[in-house]
Amino acid sequence: YATAFAKRLPADSPEHTVLEAWRLAFGRIPTDAESAASVQFLKLQPDSNQAVVNLCQTILSMNEFVYVE
């Protein structure tokens with residue numbers, strides 16, 4: 001599922017990728033802390049495509065995604 005999710009995200013910039021990932025998964029924009037940590041993660045990875053897949057897997061594993069309040 002993470003790979004399919006990653007394919008839906010824009011690849012033009014890490015900031016845009018993170019913003020769209022949060023919008024699709026949670027229906028909101030990321031907090032400043034979430035955005036900064038995610039962008040830093042994407043920028044530090046040697047393989048940008050795999051980094052986006054890994055970020056998507058993390059998002060799909062977050063409690064906010066798994067449980068509805």
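The model is predicted. Helix H4 covers residues 48–61, and this helix gives the most to the lining of the largest pocket, with 5 residues.

**Helix H4**

- H4 is built from 14 residues, and the distance from its first C-alpha to its last is 20 Å, which is close to the 20 Å expected at 1.5 Å a residue.
- The buried residues in H4 are Ala51, Val52, Val53, Leu55, Cys56 and Ile59.
- Where H4 starts, the backbone nitrogen of Asn49 has a side-chain oxygen of Asp47 within 3.1 Å.

**The largest pocket**

- The space in the largest pocket comes to about 270 Å³, and its lining is made up of 16 residues, with Pro10, Ala11, Ser48, Asn49 and Val52 lying nearest the centre.
- Two or more residues of this lining come from each of helix H1 (2–7), helix H2 (14–26), helix H3 (32–44) and H4.
- By residue class, the lining of the largest pocket holds 9 nonpolar, 5 polar and 2 charged residues.

- The side chain of Thr17 comes to 2.9 Å from the backbone oxygen of Ser13.
- When neighbours within four places in sequence are left aside, the contacts of Thr17 are with Leu9, Pro10, Ala11, Leu42 and Val52; among these, Pro10, Ala11 and Val52 are also listed as lying nearest the centre of the largest pocket.
- Glu20 is likewise classed as buried, because its relative accessible area is 17% and the class takes in values under 20%.
- A polar contact at 2.4 Å joins the side chain of Glu20 to the side chain of Arg23.
- With neighbours within four places in sequence again set aside, Glu20 is in contact with Leu9 and Pro10.

- Lys7 counts as exposed because its relative accessibility is 69%, and exposed means over 50%.
- Although Lys7 and Asn49 are 42 residues apart along the chain, their C-alpha atoms are separated by 9.2 Å; Asn49 is the residue whose backbone nitrogen is reached by Asp47 at the start of H4.

How values were computed: Residues are numbered from 1 along each chain as its sequence is written. This is a predicted model: local features need pLDDT of at least 70, side-chain atom pairs count only at pLDDT 80 or more; totals for chains, interfaces and linings use all residues. Side-chain values use heavy atoms; hydrogens and water are left out. Helices (H or I, at least four residues) and strands (E, at least two) are DSSP runs, numbered from the N terminus. The expected span of a helix is 1.5 Å times one less than its number of residues. Buried means under 20% relative accessible area, exposed over 50%, partly exposed in between (1.4 Å probe, protein chains only). A polar contact is a pair of N or O atoms within 3.5 Å; within protein, one must be able to donate a hydrogen and the other to accept it, and residues adjacent in sequence count only if both atoms are side-chain atoms. On a 1 Å grid over the protein atoms alone, a cavity is a set of points where a 1.4 Å probe fits but cannot get out, and a pocket is an open set with protein on both sides within 12 Å along at least five of seven lines; lining residues have an atom within 4 Å of a point. Grid points are joined across faces, edges and corners, and a volume is the space filled by probe spheres set on the points. Ala, Val, Leu, Ile, Met, Phe, Trp, Tyr, Cys and Pro count as nonpolar, Asp, Glu, Lys and Arg as charged, and the others, Gly among them, as polar. Contact means heavy atoms within 4.5 Å.
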